[in-house]
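Hi,

Here is the structure I promised to pass on. Have a look at it first, and then read my notes below.

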Amino acid sequence: MDRTNDFAFKIATANGTGSASANGLIMQAIFRMGIPVTGKNVFPSNIQGLPTWYEIRVSRQGYTARRPHFDLVVALNPATYAKDVAEVRSGGWLLYDSTWPLDGRLVRPDVTYLGIPLAELCNAQFSGMRERILMKNIAYVGALAALLRMDSDIIRALLKEKYGRKQALMDSNQRAVDLGYDYVTRHFDCPLPIRLAPLDLTRDAILIDGNTAAGLGCLYAGATVGAWYPITPATSLMEAFKGFCQKYRQEPGTNRNRYAILQAEDEIAAIGMVIGASWAGARAFTPTAGPGISLMNEFIGLAYYAEVPAVIFDVQRTGPSTGMPTRTQQGDLMLCAYASHGDTRHICLYPADPREAFEFAAAAFDLAERFQTPVFVLTDLDIGMNDWMIPKLTWDDTYRPDRGKVLSRDELEHLKTFSRYLDTDGDGIAARTLPGVHPHGAYFTRGSGHNRFGAYTEDAEEYVDVVDRIDRKIQRAARALPAPVVRTTPGARAGLITVGGCHAACMEALDLLSADGIAVDYLRVRGFPFAEEITRFVDAHEVNFVVEQNRDGQLRNLLLLETGTPAARLESVRYYGGFPMSADHVIAGVKAKLEKAA
Amino acid sequence: MTYIAKPTVHHPALQKNALGLVRRDYEGSVTTLCAGCGHDSITAAIIQAFWELSIPPHRVAKLSGIGCSSKTPAYFLKEAHGFNGVHGRMPALVTGANAANRDIIYIGISGDGDSLSIGLGQLCHAIRRNVNVLYVLENNGVYGLTKGQFSASADPGSLSKRGEANTMEAIDGCLLALTLGATFVARGFSGDKVQLVPMLKAGLSHQGFAFIDVISPCVTFNDHEGSTKSYAYTREKNVEVVQADFVPPTASITAHYEPGTARNVMLHDGSWVRLRKVAENYDPTDRDRAYAYIRDRQKEGEIVTGLLYLSPDSSDVHEQANTVAVPLTDLAHEDLCPGSAELEKLQARFR
């Protein structure tokens, strides 16, 4: 089998040794060779010392899901040697630092060992502890360049781009690359059967993580207020937004900021600030993760009931409680759909990759303002923090923000009485006003019982009147959300339904199942409340495999609750151990259910 | 109830302010609090302060948390937007609103449960940020709506209506604010409108977080003998140390004071506060000495009132964050969105 441009390898190091820049260099070099590549950072909740891995998948077919079969492992962390050796596929390669002898117990007969004295080479070439450690990482880039036939000119160009103005730094990096490269070419047969060959498949693509893309979406949508409390894995979303704002949101002449970023004392305050800012008329958002959503619940109910826009990014991580903060999951689907006490239902958007994270981020502000309600954008650690190859982002310059029904000064001037919750045109949405615009626009926003005129009430009919209208409003919003992605296959009797980042694994699994003679129709949910199309899809298949990343089958639960379909139609396929889902998980799950049925 | 309308026709002889508005124009709906509630007196003082300053009511936003005090924004400035949020979280709402639109005049109304128990953290951080808001803590030492439990401001030894003594230390809002670097700290008494109105006016003109703790007796649950938040106790133990006179930007200071007894502090909008020292050795611009003085008097069982501390140089959250002078809500989409060409360009770094 030809393994050119079709393999996976991983690099095991210790946290805080600077391996991130080495791994980034490898990713970019492969990408610039025109070859589809995906990177998954498997990192600990730690600043320095604990084991960390970087997994790289090269796929000429363009598959981006995690592939847990490693053809090559670069084992540079003695603390995880045993585990790393065990994870090499049979017939694969293990690259290790041969400065120290390898424990005989770690030797597998079915694995080829490539010993390179990285520490020895770097100690001879570089002085200073930190530089020696850093350059050891760059040296393995050189070794891999030779073993996998990476383009040396591209590596040189990348180093020049990165360290162009710091000649000394560029020189030492290049020297380290050469050290690894030269040693490997002198001692081993290069390249290995797993190897790279230039393609032209990345010309219109970028390598980007979902948090950066979502931050960019907030910038483009015109968000001016961001409030947050630092939390993994959502932190880099606000950091990205801030970085973009520093570049694009300075007032010419004064250099003053056309944005406000509020680092709150906790997530409760963060969502409160977002609601306050949205109430006053700004586009405001908060990025957080599950624990933050748990804290925000009361305020989310207020925004729902008082009908104040808010945009909330939930970059999901493994729960419950603190869970595994640096591992991925789709554990907040139920939490976000019905956040807060009392009857609520919230608009949720589920991007599958950074491109959708960008697009849905922008769409979320329109939806929040149009429907005057909180909107959740649920990504996960895998989408948010890992580098994905996606088509270049585009923007339509004719876009204008949909601010929803906000009465202007002129409209208020001609209005005799303004009633905040009066639905005058039957679409379930009542016009709102902003503070400071006109005396006629004043009203009292409250989370306590209120009638359609905005006045306090404890009257049963008046209360029901308002909450029923809000329910209609949110149900109707389903039509305005991104439509589900559907792919049908002739002859398919089963359906496969998934959400968010499982998309990549499912697409690959469908191809492999199809090659196995198993035809399955596909639907990816992109919004909640569910579009009618989703109910139709479920009803059209005798059995639907619901693929998701949580223990309890939360997407399946939502489908049961919201579509009224019989439970027997929905078979659950789950993986929730904290790693991104791979095609294997999907295929194994589907086959197990099929065998059970047969 | 709150939706009962007040008559809108005014007597022609009513006194008008610079905008031609009478005090009634600054009122809200009819109060639903108990007859004699201190909070209603504070509401009256707030109405007076806004009227005297001739602030257009619709340029104000009034925010509150949950509780008796937090209901009161419905009872003043009916032409202003109001936001009755969730318990203890008004500071976050006002911080966000102020970030979005810095041109609105913000007043936050809270109580001792709202500010010193459930919302203590939010209060602390709003003070640290120096959000530009007049924050009025209507302090009665008791939870009224849930019928008489002690709040965090109840003094040790103070008796509940059922005769139980409070055992825990009280949190003093003014001492807390001083510790956290508040730039404007005052204490008033709902029964002393003459003292309260100028402090409210100064607080409204202050650029930053103006904290006013107002002792406001709860006539139903905390106005009995043995309570340290009753009308009788507060009247007896209240010691005014600084009298604040508010002088608007256009007026000149004409009153005469004995040398060394008064100090003028100019506020951001050009108005002045003249601080008259009633107590000797009290310096309302010295944070540490103000703190020590309040503590010392507390040991004697006295409640120190007045504009206790004022920082002459206060920079609010917008100045610290270097935001544009115009409200963020006024920025056009073109000023916020870099456009498609720039998007194409910036993606070079992702290749």
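What radius of gyration would a compact globule with 598 residues have, and what does chain A have? The rule gives a value near 25 Å, and chain A has 27 Å, which agrees. (The radius is taken over C-alpha atoms, and the globule rule is 2.2 Å times the number of residues to the power 0.38.)

Before you go further, some housekeeping. This is a predicted model, in which local features need pLDDT of at least 70 and side-chain atom pairs count only at pLDDT 80 or more, while totals for chains, interfaces and linings use all residues. Residues are numbered from 1 along each chain as its sequence is written, and chains are lettered from A and ligands numbered from 1 in the order in which they are written.

Chain A overall

The C-alpha trace of chain A spans about 85 × 70 × 40 Å along its principal axes. Of its 598 residues, 55% count as buried. Here buried means 20 or more other C-beta atoms within 10 Å of the residue's own, exposed means 12 or fewer, and partly exposed is in between, with C-beta atoms placed from the backbone. Among contacts in chain A with a separation of 6 or more, 75% are between residues 24 or more positions apart. Two residues are in contact if their C-beta atoms, placed from the backbone, lie within 7 Å.

Domains

Chain A is divided into domain 1 (6-187), domain 2 (208-391), domain 3 (409-479) and domain 4 (485-597), with bounds from an automatic or database domain assignment. The centres of domains 2 and 3 of chain A, taken over C-alpha atoms, are 26 Å apart. Their contact takes 14 residues from domain 2 and twelve residues from domain 3. On the domain 2 side, helix H10 (290-306) and helix H12 (354-371) of chain A give two or more residues each, and H10(A) has the largest share, with three residues.

Where chain B comes in

The contact between the chains takes 55 residues from chain A and 49 residues from chain B. On the chain B side, H3(B) gives the most, with eight residues. That side divides into 23 nonpolar, 19 polar and seven charged residues. (Ala, Val, Leu, Ile, Met, Phe, Trp, Tyr, Cys and Pro count as nonpolar, Asp, Glu, Lys and Arg as charged, and the others, Gly among them, as polar.) Strand E15 (residues 444-446) of chain A runs parallel to E2(B), joined by three bridges; strands pair if DSSP finds at least two bridges between them.

Most residues other than glycine have a negative phi, and most peptide bonds are trans. The peptide bond from A:Thr232 to A:Pro233 is cis, with omega near 5°, and A:Pro233 sits in the loop between strand E8 (225-228) and helix H8 (235-248) of chain A. The bond from A:Gly319 to A:Pro320 is cis too, with omega near -5°.

A:Ser340 is not a glycine, yet has a positive phi of about 95°. A:Gln372 is another non-glycine with a positive phi, of about 50°.

Cheers

Note on methods:
Helices (H or I, at least four residues) and strands (E, at least two) are DSSP runs, numbered from the N terminus.
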